[in-house]
Amino acid sequence: MRPLIALFAPILMVLSAPAHAADVTTFELDNGLEIVVIEDHRAPAVMHMVWYRVGSADEPRGKSGIAHYLEHLMFKATDELESGELSDTVARNGGSDNAFTSLDYTGYFQRIAADRLELMMRMEASRMDGLQLVAEDIVTERDVVIEERNQRVENDPGALFAEQRRAALYLNHPYGVPIIGWKHEANALTLEDAVSFYKAHYGPNNAVLVVAGDVEPDEVLELAKTYYGVIPPNPAIKPRDRVSEPPHLAARRLTYVDPRVGQPYVMRSYIAPERNPGDQETAAALTLLGEVLGGSSTTSYLAENLQFEQQTAIYTSALYSGLSLDTSSFSLVIVPSQGVSLAEAEAAMDATLSKFMEEGVDSEELARIKMQIRASEIYAQDNIGQIARTYGAALTSGLTVEDVDAWPDVLEAVTEEDIMEAAAMVFDIKNSVTGWLASEGAEEMMQ
Amino acid sequence: MIRFVLALAVSFGFAGTLHAAVEIQEVTSPGGIEAWLVEESSIPFVAIEIRFKGGTSLDPEGKRGVTNLMTGLIEEGAGDLDAREFARARDALAASYRFDVWDDALSVSARFLTENRDEAVSLLREALVNPRFDEDAVERVKAQVLSGIRSDANDPNSIASSTFDAMVYGDHPYGSVRDGTIESVSALTRDDVVAAHSALLTRDRIYVGASGDITAEELGLLLDELLGELPAKGAALPEGVEPNLNGGVTVIPFDTPQSVAFFGHEGIPRDHPDFFAAFVANEIFGGNGRQSRLSYEVRETRGLTYGVGSYLVNYDGADMLLGQFASANDRMAEAIEVVRQQWAEIVEKGVTEDELEEIKTFLTGAYPLRFDGNGTIARIIVGMQTVGLTPEYITTRNEQIMAVTLDDVARVAATLFQPENLQFVVVGQPDGLESTN
C-alpha cells in the first residue's frame with residue numbers, strides 16, 4: 001500500500017483551511033514587497049519565507065528548468081555573502097533552510113530560533129538583488145540538478161508517465177513543461193540564462209515575505225523595512241501574462257510502457273478551472289467533487305463502487321487543487337485488481353462516473369466531508385509552517401489574503417447541486433488525456 | 001528543492017526538546033498504564049501516540065508479512081461496524097487514526113477534537129481491542145499489499161535496501177522485507193492475522209505519549225478505556241542479531257539510468273558512554289544539519305549526486321551506521337571512491353576544532369525547534385520512552401552535546417568508522433564497478 005499512497009498524495013491537504021484560526025497581519029512596503037505575519041507564540045521559533053511570483057511556467061521557451069536551476073544557484077555568492085555562507089550561517093545558528101520551485105512560484109525559507117530573525121532577513125535580502133554568479137559555481141551545480149532529475153524522474157516510471165501526460169494535457173500553456181526541465185534543455189542551461197532570468201523576475205516588487213511564529217507584527221515590519229525596504233523595485237518586472245489554452249477539440253490517449261513498472265494503472269486528467277480572486281465558487285465545488293469521488297480510500301464514491309462492490313480496483317483516487325495561477329486539472333486514478341486489464345479498469349471507471357452523474361452526491365458523505373473541513377481549521381492551527389505555506393502559495397498563485405480567509409466559508413457553502421454542476425462542466429472528454437502506465441510484456445493486458 | 005532530505009535521517013535522529021515550553025507530566029492510569037503528557041490547551045484537540053514494541057519482527061516462521069497485513073486491517077472493520085461503516089463513523093467525528101508498523105514497533109497515531117473526544121476514543125478502542133478481520137477485508141488489503149510488493153520488486157531503492165538487509169542480517173527478521181513475499185502473503189489466512197494481533201497488541205509492551213488539550217486525570221481514564229481490555233501479555237520479543245559484514249561492493253544489475261547505493265556497517269549502542277561523541281562525529285561526517293563532509297565532497301565539489309548522508313540507526317536488535325545516495329551510472333564508481341576516501345580520512349585525522357564548534361551550535365540550537373505541534377511532541381516523547389530515556393533528558397541533552405571534546409571525537413571516530421567493513425550495495429548499471437562479494 002505504501003508505494004501507492006506515496007504516488008498519489010492525499011488530497012485532504014487541499015481542504016486544509018487555516019484561515020479563521022490564524023492570527024494574521026499584513027503589510028506592504030513602498031517598494032512593493034508584500035508581508036504576511038502569522039503569530040504563534042507556543043514555541044520560540046520562527047519560519048521566515050520569501051516567495052517570488054515566478055515559477056517554471058514563466059521560463060523562456062527552450063530554457064526549461066531555469067527557474068529551478070536558479071533556485072539552486074541562489075545559495076551561491078552574493079555581493080555580501082560567500083557561496084554557501086547563507087546555509088552555513090543558518091546551520092551555525094541552529095536553524096534549517098531549504099527552497100522549492102513550482103509552476104507558479106519559487107520560495108526560500110529558514111526555520112530558526114525567533115531571536116535570529118534579523119540575521120535571516122539580512123541574508124535573504126542580500127540575495128534578493130545581489131546574486132553574484134561565477135562560472136565555476138554553475139557547472140557543478142548543473143550536475144547536481146541533473147542528478148536530481150535522475151533521482152526524481154528518470155529513475156521513476158511513474159514520474160516519466162506524469163511528464164508525458166502533462167505535456168499532452170496542455171496544448172499551448174507552459175504547464176505542460178516539467179518544473180525540473182526537459183533533460184536536454186536542463187543540460188544546456190548557462191550562466192547567462194540564470195542571470196537573465198534572475199534579473200527579469202527577482203526583486204521586492206515580485207515577492208511576498210511570510211513570517212510565522214513567535215514574533216510581533218510591528219517588529220517584523222520594522223526589520224523588513226530595514227533590510228528589504230532599502231531594495232529598489234526591479235523595473236524589469238512585468239505582470240505575468242502567459243499564453244492561454246485554445247479550445248480542446250480532441251480527447252488524447254497515451255500509453256507509457258516501461259519494464260520497471262511493477263503496478264500498472266490508468267490515470268485520466270481533465271483541464272479544470274482554478275481559484276481566482278473573488279471567484280472561488282467553482283473551484284470550491286470541484287474541490288468537494290474530488291473529495292466525494294475519491295477523497296476517502298474507503299467511503300468515497302469511486303472506492304465504494306470500484307474497490308468494495310465490483311472489486312475491479314485495489315486503489316482509486318481523485319485529485320484536484322484549485323491553487324494555480326492558470327488553468328488547473330482534475331484527475332482520476334484507478335489501479336486495477338490482479339487479472340483486470342487496463343481497458344477493463346478504464347471502462348469500469350467510466351461506468352462508475354456515469355452512474356455518479358445519474359445518482360448525484362450522497363448527502364451524508366458530503367456532511368462528513370464538511371465536518372472534516374471544519375475540523376481542519378482546528379488541526380491546522382497546530383502546524384504554523386503549513387499556514388505560512390498556504391498564504392505564500394496563495395499570494396503567488398494570483399489570490400489575495402481575503403481569498404484565503406474566505407476559502408473555508410466558500411467550501412462550506414457548496415451544495416450538492418453545485419458539485420454536480422461542476423462535475424458536468426469538468427468531465428468533458430475532449431478536455432482530457434487518458435494515460436495507461438504499463439510494464440513490458442503487459443501488452444496483452446491492454447487489449 | 002535545493003536539498004533532498006533523507007527520510008531515514010529524519011526518523012532516526014535524537015528525540016526530545018530543550019528548555020522550551022515543553023513540560024512533561026508522567027501519568028499512570030487508575031488501571032496502571034503509564035504515559036507521558038504535554039498539556040497544551042490552546043487548541044481544542046489532542047494527539048496521542050501509542051507504540052507496541054515488537055513490530056514485524058514478531059512474524060512467526062513462515063508467516064512473513066502477517067504483522068504488516070494485520071496492521072493494514074486494524075481499521076478495516078471493528079465491533080459492530082464493517083470497514084466502510086467504521087470509516088464513516090471516524091470521518092463524521094473528523095478524527096484521524098493512523099497505524100504504522102516497522103521492524104521494532106507498531107504505532108498508533110491518533111488525533112481527535114475535544115468536542116467529541118469520548119466518541120473518538122470509543123471508536124479507536126473498538127479498532128484496537130475488537131478488530132473484525134472480516135474475510136473480505138483480509139482479501140482486499142492483501143491485494144493492496146501484494147501490489148506494493150510487486151512495485152518494490154522493480155524499485156531500485158527497495159532492491160538496494162532489501163539486498164543490503166539480507167546480506168547483513170541473514171535469517172533474523174531484519175534480513176527480510178517486512179511486507180513479506182508474494183508467496184508468504186498469498187498464503188496468509190484470517191487465523192494468522194488474528195494470531196498476529198494477539199501477539200503484538202498487548203499491555204506488556206505499550207508506550208504512550210500525549211500532547212494537547214487534555215488533563216492528566218482525563219488522560220488516565222482515557223487510557224484505561226482505550227487499552228485496558230487488551231491482553232496482558234504477548235509473544236516474546238525477538239533476540240538481537242550480530243550483523244554480518246565483510247566490507248566490499250555488491251552490484252545488482254538493473255536497467256535504470258541512475259544507480260542507487262546503500263552502504264554501512266555496525267554502529268554504536270544508544271546507551272554506550274561514547275554515543276554522544278559518535279553522534280557528533282557522524283553529524284559532521286554525513287548529517288543533515290550543516291554541510292556535511294560527505295555532502296561537500298560528493299555533491300558540492302564534484303556534483304556527483306543530489307543528496308548523500310549517513311546516519312546512526314539504533315534498532316532494538318542491532319546498532320548500525322548507514323548511508324545512501326544515487327548517482328548516474330557513469331559516475332557511481334567515482335562517488336563510491338570519494339565516500340571511501342572520506343571514511344579513511346576521518347579515521348586517520350578525526351575532525352577539526354571548527355567543525356566541532358559548528359556542529360555543536362547547530363545541534364544545540366536546532367534541538368528546541370523540534371517540537372512544533374502536538375503530533376510531533378507526542379511522537380518525540382513516546383520515542384524517548386522506547387529507548388529508555390527519562391523526561392530529564394530534555395534538560396541534559398544539550399549539555400551532553402557540549403561536553404563532547406575533540407579528543408572524544410577522534411578516539412570514537414577511529415573505531416566507529418571501519419573502512420575495511422564498509423559494505424556497499426549498488427543497484428543499476430554502474431560503469432566500471434564490479435562486485436567484490
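In this predicted model, F275(B) is tucked away from solvent: its relative accessible area is 3%, so it counts as buried. F276(B) comes out at 10% relative accessibility and is buried as well. The two rings pair up edge-to-face, because their planes sit at 80° with the centres 6.3 Å apart.

Y270(A) and F427(A) make another edge-to-face pair, since their planes meet at 65°, with 5.1 Å between the ring centres. This one ties together distant parts of the chain, as 157 residues separate the two partners. Y270(A) belongs to strand β8 (residues 265-272), while F427(A) sits in the loop between α17 (416-426) and β11 (432-438) of chain A. Both residues are buried. Over in chain B, ring pairs join F263(B), F285(B), F325(B), W343(B), F417(B) and F424(B) into a cluster.

As for how the chains meet, chain A puts 59 residues into the contact and chain B puts in 75. About 5,700 Å² is buried between them, and carbon and sulfur atoms account for 53% of that area. There are also 9 salt bridges between chain A and chain B. One of them links R92(A) to E358(B), with the closest N and O atoms 3.2 Å apart. On the side of chain A that touches chain B, α6(A) gives the most, with 10 residues. By class, that side of chain A has 21 nonpolar, 19 polar and 19 charged residues.

How values were computed:
Residues numbered from 1 in each chain as written. Chains lettered and ligands numbered in written order. Predicted model: local features only at pLDDT ≥ 70, side-chain atom pairs only at ≥ 80, totals over all residues. Heavy atoms only, no water. Contact = heavy atoms within 4.5 Å. Buried area = accessible area lost by both parts, 1.4 Å probe. Salt bridge = Lys/Arg side-chain N within 4 Å of Asp/Glu carboxyl O. Helix = DSSP H or I, 4+ residues; strand = E, 2+ residues; numbered from the N terminus. Nonpolar A, V, L, I, M, F, W, Y, C, P; charged D, E, K, R; others polar. Phe/Tyr/Trp six-rings, centres within 6.5 Å; stacked < 30°, edge-to-face > 60°. Buried < 20%, exposed > 50% of the residue type's maximum accessible area, 1.4 Å probe, protein only.
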